[in-house]
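Biologist: I would like to go through some of the labels put on this structure. For each one, tell me what it rests on.

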Amino acid sequence: MKGHAFRIVAIWLVLTVIAVPLVVLVLGPHLPPGRFSVEAKDQTSANTVLTALLMPIVLLVLVFFGYSLVAFRHRGPAIEDGPPIRGHGPTQLTWVLATGAIVTALAVWGSYTLVETARGAGGGQGPSPTDLPKGHSPRLNIQVIAQQWEWTFRFPSYGGFETRQLALPVHQLVEFHVTSLDITHSFWAYRLGVKADAVPGVDNVAFVTARKTGSFTIRCAELCGLWHGHMYRTGYVMSRSDFNTWVAQQRKADAANLKDLGPYRRSYYPQPFHRAG
């Protein structure tokens, strides 16, 4: 059996040495959600590390089963089942200790990454975020308002105008304030690495800093009724000059509606339904 174990380990080591660099250098840059924003880049880096660490484990299982199917399969006419295989204490103990160490190390690394290096990683953190991005100021506040079945966006830093379009300036920290007018939705901007629940009466804060200009999709990631799939938008990341021009156009177009919007608030509560008559 020692010869079989040696061959299994040797095959596993060779495949691991080949596969892990391929994961990091070839597959890693293509893992989701990409590098469109600082937050998305951090998430992609984390996914690359996790995939690279997962690969030796997957290869060990595949090599073991593949080798067993080839080396230990019964040859010749069919016979009755062989004697039962008893557990092997040292192997079981090694497996438990190794997997426990891997899970613990990943938990420590993941916690450190979230708290120290990926502050404001794009997930909604409620009205009082504890993990704040470092080294970015000033912040641009944008309120994301969900309702059945529509997205609107309010810009309190620019007079409080509200629009169905979303545009962000490149290389500036954006502080999303996500809320809802009716039921629970979920604001998901995949390429930005942002996903935050939109809950009525709640101000859910998420951060993002776009690294390049371009477009990104916005979807609702919470089943919210019949036209859930209709809550689809395309957002844009613009240069600072283009963004300023866009803001001026939106403020002019929305000027007649500002008087009916009311003052800016961080959250809203659904209005009770009254039956006519």
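Modeller: Between domain 1 and domain 2 there are six residue pairs in polar contact. This is a predicted model, and both residues of such a pair must reach pLDDT 80 or more.

Biologist: How many salt bridges cross the interface of domain 1 and domain 2?

Modeller: Zero, by the rule used. The side of domain 1 that touches domain 2 does hold three charged residues, along with five nonpolar and two polar.

Biologist: What area is buried between domain 1 and domain 2?

Modeller: About 980 Å², and carbon and sulfur atoms give 58% of that area. On the domain 1 side, Pro33, Phe36 and Glu39 lose the most, together 60% of what that side buries.

Biologist: Why is area used for this at all?

Modeller: Because the size of an interface is often given as the accessible area lost when the parts come together.

Biologist: What makes Arg139 and Glu175 a salt bridge?

Modeller: Their side chains come to 3.2 Å, N to O. The cut-off is 4 Å between a nitrogen of Lys or Arg and a carboxyl oxygen of Asp or Glu, so the pair qualifies.

Biologist: Why is Glu175 called buried?

Modeller: Its relative accessible area is 10%, and buried means under 20%, so the label holds for Glu175. Arg139 has 34%, which falls between 20% and 50%, so Arg139 is partly exposed.

Biologist: Are Arg164 and Arg233 buried or partly exposed?

Modeller: Arg233 has 17% relative accessibility, under the 20% limit, so Arg233 counts as buried. Arg164 has 47%, which lies between 20% and 50%, so Arg164 counts as partly exposed.

Biologist: And why is Ala255 called partly exposed?

Modeller: Ala255 has a relative accessible area of 45%; exposed would need over 50% and buried under 20%, so partly exposed is the label. Ala255 lies in the loop between α4 and α5.

Methods:
Residues numbered from 1 in each chain as written. Predicted model: local features only at pLDDT ≥ 70, side-chain atom pairs only at ≥ 80, totals over all residues. Heavy atoms only, no water. Buried area = accessible area lost by both parts, 1.4 Å probe. Polar contact = N/O pair within 3.5 Å; in protein donor to acceptor, adjacent residues only side chain to side chain. Nonpolar A, V, L, I, M, F, W, Y, C, P; charged D, E, K, R; others polar. Helix = DSSP H or I, 4+ residues; strand = E, 2+ residues; numbered from the N terminus. Buried < 20%, exposed > 50% of the residue type's maximum accessible area, 1.4 Å probe, protein only.
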